[in-house]
Amino acid sequence: MDKTDESKSTTARLTGAEILWATLEGEGIREVFGYPGGAILPAYDALRKFPIRHILVRHEQGAAHMADGYARASGKVGVAIATSGPGATNLVTGIATAMMDSIPMLCITGQVSSKALGSDAFQEVDITGITLPITKHNYVVTRAEDVAPAIREALRVAVSGRPGPVLVDITKDAQQGAASFDFAAAAPAPYRPHPMLRSESESILKSAELIRAAKRPVILAGHGVIQSNAREQVLALAERLQIPIATTLLGLGGMPATHPLQLGMMGMHGEAWVNHAIQQSDLLIACGMRFDDRVTGTLTTYAPNAKKIHIEIDPAEINKNVKVDVALIGDLAEMLEVLLPHLAPISGESAWPREVNAMKGECAVRDIQNLPDTGHLYAAHVMHDLWHATGGKAIVATDVGQHQMWEAQYYKHEEPRSLITSGGLGTMGFALPSGIGAKVACPEKEVWVIAGDGGFQMTACELSTIAQENIDINIAIVNNGYLGMVRQWQEFFYDKNYESSPILSPDFVKLAEAHGIPGATVRTRAEGVAAVKAARERKGPFLINFLVEKEDSVYPMIPAGSALHEMIRRPGNNPLIETAQDV
Amino acid sequence: MLHTFVALVEDKPGVLTRVASLFRRLNVNIVSLTVGRSEKPGVSRMTIVSDASPTAGHRIMASLYKLENILQVDNVGLASCVVRELALIKVAATPKTRSHIFELAEVFRARIVDLAPESLMIEITGVESKIEGLIQVLNESEDRILEVSRTGRMVMRRGQHTSRVLDAMRAPTTEAEELPEEEIAEEEADLPQ
């Protein structure tokens, strides 16, 4: 190397461990969630030299869910770090959760020294082999000089195209070894878009033609609306042609819930009028969604008279479940930008949104707060009152099961990235850690964790993380003494054989107190409203244990194998009666 | 039906696992898979034959492209290509029974590449049906086949219709899938009558 080259060079000699943090710092990462252990100790040893906050979790699954919640709330990549062996395998559920919901996440795992690879060394596990089908890509790094390029490429892979989790497994000797570090020189190759992305003008014109010709169109707004920041474009499409919008679970918040054209959630526990609108539709415009079995019901009877336009970034999703007439394969916002100029606004009021509104009947205004107080506390009350208190503006992290569906039905999300929930994998134990991650990502936002009594116990250890890191979130446990959704299925489909679904819980308030976190147990609606108020006014974490009606079920419900319009409706003698008639 | 993909992949450890794992995940059986170096340094070429529903081709190809190490995929379908497979077949044969095997090899344009006191080895290239034809005839003439080693199908498009040219022309890749199956047979001029 001659003198001039040397003076230009910005390289410094660092250990692999230092390179890891320096690269993360260079990429703008300021928070990571992790748990130390033998094979990752060199990295932890170097951590204090870098301006990166490490949140110590209580179980690596929590680290993965926190990184996931961080990414969902902020749109930035969440980073989880764990040691080799059990540390790495404990991440697996969290990685699969992120994969199913297309969440950009970087997992860093320690690994035994490269010389010991394959020798069944202490805490050695083939984590890249294990996570191969549940990551977008993964790397094994065995040399210090490969750390920076691998991390930078991993971050690019995580966010590009359809986002997803990436894992980088770094051997102990790669962390300990030294190499020259040049952040710029470690830049990954430019992103290569999927070669099957298609937006031929022919498809655009055909889409525009279908949309203009449609009499009963429905927009299906999915997670892609949020991931692609396409709210404005989807709203423009809806408003220009008076097209009602149905939303998937992960799409909630993508559209403002109180928009007049927003119908609500579709699918297995979607509102009746939403599913009826889809079944009667003559054109479905699927925006960033993948026709999951939970939103279609039986495929053979799904929207039988509707043409389908699918706007989707992943070519592998086209015609996977539902055969579509036109596919626009690419970024949703970009596709709509190209499509919108071909669509002139319609004048006057369209009859179709009025018809859909008529289907709502009294359901649409079932103001449950106006129903007579029978002394029973229903989960619906809890969700509604939380929504009311927070003005629909809080970030809500939910677990999986009945409370998740009630939250989706009764908490009206106005803002994108305000609902953090595991849709695809349906991971119980997700709410508490992902809520912590969301709060770390958005410290200025109000964050509520809503979990059932079952799911909360799966990751309740993270209460200690809240205490140690002073995470200011509020926790609402919807406690009915059952694994509620399991009990509901047993009630409907297994002759009320409540096998293994009643669940004993600790006194959650005492549990919180043991962690120095105050809380309250609530038995009535009035107590609930007061507790929510107290939690919101108080600085620091707070836990509310809502003792709700034990054997309530989520309605409507499409039994597995049924058509979208064949819903089980709430029985008429219930105080939360649904009054809309099946059409 | 059989789908044939030609994939150019990075020549790195673990890439074969990623490709194989994808087919497993899609619950699609791999009929044959050959890998070797391509004309470009650092790039391997795979020919993957899989048995899946007629509509599965698009999804398999789209999913292959989602693998980071995949550079290019060509769903050759039933387009005009040269298809070849190589097989080594060891047959039990004594000096007395050798001669009719020589004759068979002649008809199939196969070669005898090894001769031992009690066996001989035949090398044959061609489409699957030709190789299966030889194996069938050997079996029917009561020659004892001791070992068979087959490479699986290798495919290359004819003439200028390389996947790269098609890609540059932005020709729809699904067109090829609609060609009738007989075309493959017609392509094979050196099939014994």
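In the predicted model, chain A and chain B bury about 1600 Å² between them, buried area being the accessible area (1.4 Å probe) that two parts lose on being put together, summed over both. Carbon and sulfur atoms give 53% of this area. The contact, defined by heavy atoms within 4.5 Å, draws on 19 residues of chain A and 17 residues of chain B.

Between chain A and chain B, 2 salt bridges are counted, the criterion being a side-chain nitrogen of Lys or Arg within 4 Å of a carboxyl oxygen of Asp or Glu. Arg156(A) is joined in this way to Glu68(B), with 3.3 Å between the closest N and O atoms. On the side of chain A that touches chain B, the elements giving two or more residues are strand S6 (137-141) and helix H8 (147-159) of chain A. Helices (H or I, at least four residues) and strands (E, at least two) are DSSP runs numbered from the N terminus. This side of chain A comprises 9 nonpolar, 3 polar and 7 charged residues; Ala, Val, Leu, Ile, Met, Phe, Trp, Tyr, Cys and Pro count as nonpolar, Asp, Glu, Lys and Arg as charged, and the others, Gly among them, as polar.

Gly164(A) is located in the loop that lies between H8 and strand S7 (165-171) of chain A. Gly164(A) is buried, with a relative accessible area of 0%, where buried means under 20% (1.4 Å probe, protein chains only). Residues up to four places away in sequence aside, Gly164(A) touches Ser102(A), Ile103(A), Pro104(A), Met105(A), Lys136(A) and Ala158(A). Ser102(A) is 62 residues from Gly164(A) along the chain, yet their C-alpha atoms are separated by 4.5 Å.

Chain B contains 6 helices and 9 strands. Of its 193 residues, 42% are buried. Among contacts in chain B with a separation of 6 or more, 73% link residues 24 or more positions apart.

Residues are numbered from 1 along each chain as its sequence is written, and chains are lettered from A and ligands numbered from 1 in the order in which they are written. Local features of this predicted model need pLDDT of at least 70, side-chain atom pairs count only at pLDDT 80 or more, and totals for chains, interfaces and linings use all residues, while side-chain values use heavy atoms, with hydrogens and water left out.

Conventions: Buried means under 20% relative accessible area, exposed over 50%, partly exposed in between (1.4 Å probe, protein chains only).
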